[in-house]
Amino acid sequence: MLLNPNGYDPQRFDPETRRLLRATIDWFESRGKRKLVADYHDKTFYADFLEFAGKEGLFSTFFTPAANADGNPDKRWDTSRVAELSEILGFYGLNYWYPMQVTVLGLGPVWQSGNEVARKRAAEALQAGGVAAFGLSEKEHGADIYSSDLVLTPDGDGGYRANGSKYYIGNGNCAGTVSVFGRIDGVEGQDQYVFFYADSNHPNYHVVKNVVPSQMYVAEFRLDDYSVHAEDILHTGADAFSAALNTVNIGKFNLCFGGIGMATHSLYEAITHAHNRVLYGKPVTDFPHVRREFVDAYARLTAMKLFSDRAVDYFRTASPDDRRYLLFNPITKMKVTTEAQKVIGLVADVVAAKGFEADTYLAMAKNDIDGLPKLEGTVAVNLALIAKFMPAYLFAPESYEPVPTRSDATDDEFLFRQGPARGLSKVRFHDWREAYTKASAIPNVARFAEQAEALVGILTQATPDEAQQADLDFGLALTELFTLVVYGQLILEQAELVGLDAAVVDQIFATFVQDFSAAAVELHGKSSSTDKQQELALAAIRKPVVDAERFESVWARVRDLSGAYEMNA
């Protein structure tokens, strides 16, 4: 289940996809670990990777939708292979995942646009080996798209002059396709918003600086009387607003797979080091607390992979009548990325000083992993979004046909016609209890299901009043509990689809029982919680079902990862 570059050949994909994914791994392995870590610490811009991607047609093949593929059968927007590439790039470091990620974001407004001139221009730029950038954030406003100081002024000839700056713009130093969000001077309300196509090579496009001390180029750029013509306009009014949010739905999904890749490489490196290191006359992995931390890390990483892979299926099956992906997306952005932090933190605790050494992958991962949950609005923003789905998910299930595993070589064209970014409370879900009932013979699944019902009890027997509903701090604590229920559901679905050993599933849910209990204590302690809510929160606390044989069987899986992968020197 875990990515291992040794012998990698994903048979579920078509030949050209397999070739490109394998070529990407081979490029990193041929460069070797010394070069990887040296470039990281020297903050060397990844121009060689961009050159490789351009030469191979990697981004052009993976990120050009079929409608703009000019008849090339290998070009399509296929979320399953985009996710696979994202995990591979994360495996070799956040700095290589990042230019891919922001290219996805930069292309989002273009592929959602009906401007055929701009679409053709973007496809040609990709074919020429170019990358893209998403010009949304600003220094003073962050990603607050209600407030933009980049202003387009009518020039009297049917076009505009754009003036203003953007901040935190990955690839902003070299992108041939820059989707820029701004507002039209003198226009009020939603009609003022506009997305337009810009080019970093334009003489009126000025790169100010790289705002981070890193290999990544996260630009501040400024437009000075930049000419914007009709053929550059991607979206206006409410459509521009929706294009921004829908692009985030498409692009920020990759955060989870980047984190999975980083955590996987870190686990390989840590177990290989620890299992071959002797302290006080015995291997480090003989210590019970070390085994516990490794098993916890493995269970969490497996859960991350299960949830994210299953979420791909819902993305690819989405339609105007099935928008369940809109809940699973912020969970991948928030929950999976914070779980990646935990996994890397656990293995870093085990290897201790080794994790600070300059020639380790772990030193890189420890430094970078905290960025993933913060690359899309912070954890709080995503929890607030998740909360919008809670009533419909828990209390108003509807019947849907089962969603199959989706690794078929088809174009996910719906993602670029999602429509207006509203109506989240109207999204409906299938019955979450079904997955838990089917797996109820697994002890810790059954125990966690008790806790899920306890959450329902809190909401029905001690329903938050109007003041509590307006209290974001209280609401976030409640949503943490809800998130675990959704997370567990998709994990169970995917575990069944792949035939995962029940012992591993049981160990995963042992961690969830503990996590739910900790979150319940957090809810209990909130200043606005009522006596009844406190009583019900404490009643939800459970101890996981302990099974020494199960633990040892999962530990054996972790132990067998020692030496299973080590990056070429």
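What follows is a short chat about this structure.

Me: Before we start, what kind of model is this?
Reply: It's a predicted model, where local features need pLDDT of at least 70, side-chain atom pairs count only at pLDDT 80 or more, and totals for chains, interfaces and linings use all residues. Residues are numbered from 1 along each chain as its sequence is written, and side-chain values use heavy atoms, with hydrogens and water left out.

Me: OK, salt bridges. How many does a search of the whole structure find?
Reply: The search finds 42. A salt bridge here is a side-chain nitrogen of Lys or Arg within 4 Å of a carboxyl oxygen of Asp or Glu.

Me: What does E269 form a salt bridge with?
Reply: With K33, and the closest N and O atoms are 2.5 Å apart. That pair links distant parts of the chain, since E269 is in helix α8 and K33 in helix α1, 236 residues apart. Helices are DSSP runs of H or I with at least four residues, strands are runs of E with at least two, and both are numbered from the N terminus.

Me: Is E269 buried or exposed?
Reply: Buried, with a relative accessible area of 16%, and K33 counts as buried at 17%. The cut-offs are under 20% for buried, over 50% for exposed and partly exposed in between, using a 1.4 Å probe and protein chains only.

Me: And which residue does the side chain of E339 meet in a salt bridge?
Reply: R300, at 2.9 Å from N to O. E339 lies in helix α10 (residues 325-351) and R300 in helix α9 (residues 288-316), so the pair ties together parts that are 39 residues apart in sequence. E339 counts as buried at 1% relative accessibility, and R300 counts as buried at 6%.

Me: What about R316, where does that lie?
Reply: R316 lies in helix α9 and its partner D408 in the loop between α13 and α14, so that pair ties together parts that are 92 residues apart in sequence. Salt bridges that share partners join D14, R76, D78, R316, R406, D408 and D412 into one network. The R316 and D408 side chains meet at 3.6 Å, N to O.

Me: Switching to helix packing: at what angle do the axes of α15 and α18 cross?
Reply: Roughly 25 degrees, with the axes of α15 (residues 443-461) and α18 (residues 502-524) coming within 8 Å. Axes are lines fitted to C-alpha atoms, for helices over the stretch in contact, and angles run from 0 to 180 degrees between N-to-C directions. The two helices are therefore roughly parallel to each other. Angles under 35 degrees count as roughly parallel, over 145 as roughly antiparallel, 65 to 115 as roughly perpendicular and the rest as oblique.

Me: And are α5 and α8 roughly parallel or antiparallel?
Reply: Roughly antiparallel. Their axes come within 11 Å and cross at roughly 165 degrees.

Me: Where is D225?
Reply: In strand β7 (residues 218-228). Phi of D225 is also positive, near 50 degrees, but D225 is partly exposed, with a relative accessible area of 42%.
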